[in-house]
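Please look over the sequence and the model shown here before reading on. The briefing that follows takes up side-chain packing, the surface and charged pairs in turn.

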Amino acid sequence: MNRISTHILDLAHGKPAGHVAVRLERHEPSGWRLLTSERTDRDGRCSQLLPEGEGLSSGSYRLTFDTASYYEAQKIDALYPVVEVTFRVRDGETQLHIPLLLSPNGYTTYRGS
């Protein structure tokens, strides 16, 4: 199965960041093309961001997380209103998991499993 997934952990609260808007885009010769828009579930996860029938081809992809709305709902003045993570899919890869560790004043991402 081809898959791109993510999850967000709110480090300040020590819990998953639920209901965060996430966009997945792929870079094409004409620019960035939106593949899907989702919201993390209550466990902070989007288990499948590739739309049905969309293959995972090599190239550049971008996840965009709407962190402003997440923190505004908590009445927290956060530094980063949007987190964009651009990553590369290599030939032969069938799945990628891109976690986001989030706090009001910083973030970290890595290749998950």
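Is Arg90 buried, partly exposed or exposed? Arg90 is partly exposed because its relative accessible area is 43%, where buried means under 20%, exposed over 50% and partly exposed in between (1.4 Å probe, protein chains only). This is a predicted model, in which local features need pLDDT of at least 70 and side-chain atom pairs count only at pLDDT 80 or more, whereas totals for chains, interfaces and linings use all residues. Residues are numbered from 1 along each chain as its sequence is written, and side-chain values use heavy atoms, with hydrogens and water left out.

- Leaving aside residues up to four places away in sequence, Phe65 is in contact (heavy atoms within 4.5 Å) with residues including Thr6, Ile8, Val83, Val85 and Leu100.

**His7**

- His7 lies in strand E1 and counts as buried because its relative accessible area is 15%.
- The side chains of His7 and His97 are joined by a polar contact of 2.8 Å, that is, a pair of N or O atoms within 3.5 Å, of which, within protein, one must be able to donate a hydrogen and the other to accept it, residues adjacent in sequence counting only if both atoms are side-chain atoms.

**Salt bridges**

- With a salt bridge taken as a side-chain nitrogen of Lys or Arg within 4 Å of a carboxyl oxygen of Asp or Glu, the count comes to 8.
- Arg90 pairs with Glu93 in one of these, at 4.0 Å from N to O, and Glu93 is buried, with a relative accessible area of 16%.
- Glu25 and Arg23 meet through their side chains at 3.7 Å, N to O; Glu25 is buried at 8% relative accessible area, whereas Arg23 is partly exposed at 33%.
- Glu28 forms a salt bridge with Arg26, with the closest N and O atoms 3.7 Å apart, and a network of salt bridges links Arg26, Glu28, Arg33 and Glu54.

Technical notes. Helices (H or I, at least four residues) and strands (E, at least two) are DSSP runs, numbered from the N terminus.
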